[in-house]
Amino acid sequence: MMFIQVVGAFIAVVAFAVIIGVPRKFLGFAGLVGAIGWFVYLILEPTGLTVVGRMFFAALMVALISHSFARLMKTPVTLFLIAGILPLVPGVGMYRIVYNLITNNNTVAGHYMNETIQIAGMIALAIFIMDTIFRIFQKNK
């Protein structure tokens, strides 16, 4: 089951990368970034970390690999980062918020809104942390 999800993440990221105009020679790398990010999220599930914690570490890995690929291939980091973060974006949380608001389940909607905002914040924080680390090392060279 995990293998199918990782392959699905790879395919989804490659398809999204095509849509946003990532050059053909980088599509596989962008897909790999997304697949690894989703794999990290999945392997952390049995550790007892919350969804928010797993998303943070997965996003940290996506940002690390994106920055590494960007430096190795001398391309902008956004080629890999924007497409690679796709599997981690909390779209299902947004759906659950709206669904529960429509069905007048305000307490459940509030729970999902809180969780979705935390996930989005953790993704942003992970990207910021990794970007800062790479900038520090770049200045020291």
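Modeller: What follows is a close look at one helix pair and the nonpolar core. This is a predicted model, in which local features need pLDDT of at least 70, side-chain atom pairs count only at pLDDT 80 or more, and totals for chains, interfaces and linings use all residues. Residues are numbered from 1 along each chain as its sequence is written, and side-chain values use heavy atoms, with hydrogens and water left out.

Helix 3 (residues 51–73) and helix 6 (residues 106–140) pack at an angle of about 35 degrees, their axes being 8 Å apart; helices here are DSSP runs of H or I with at least four residues, numbered from the N terminus, while axes are lines fitted to C-alpha atoms over the stretch in contact, and angles run from 0 to 180 degrees between N-to-C directions. By class, 17 nonpolar, four polar and three charged residues make up this contact of helix 3 with helix 6, where Ala, Val, Leu, Ile, Met, Phe, Trp, Tyr, Cys and Pro count as nonpolar, Asp, Glu, Lys and Arg as charged, and the others, Gly among them, as polar.

The largest nonpolar core has 39 residues, of which Y41, F80 and L88 touch the most other members; such a core is a set of buried Ala, Val, Leu, Ile, Met, Phe, Trp, Tyr and Cys residues joined through side-chain atoms within 4.5 Å, and buried means under 20% relative accessible area, with a 1.4 Å probe and protein chains only. Helix 3 gives the most to this core, with eleven residues. Leaving aside residues up to four places away in sequence, Y41 touches V51, R54, M55, A58 and L88, contact meaning heavy atoms within 4.5 Å.

In helix 6 we find T116, which counts as buried because its relative accessibility is 6%.

How values were computed:
Helix = DSSP H or I, 4+ residues; strand = E, 2+ residues; numbered from the N terminus. Buried < 20%, exposed > 50% of the residue type's maximum accessible area, 1.4 Å probe, protein only.
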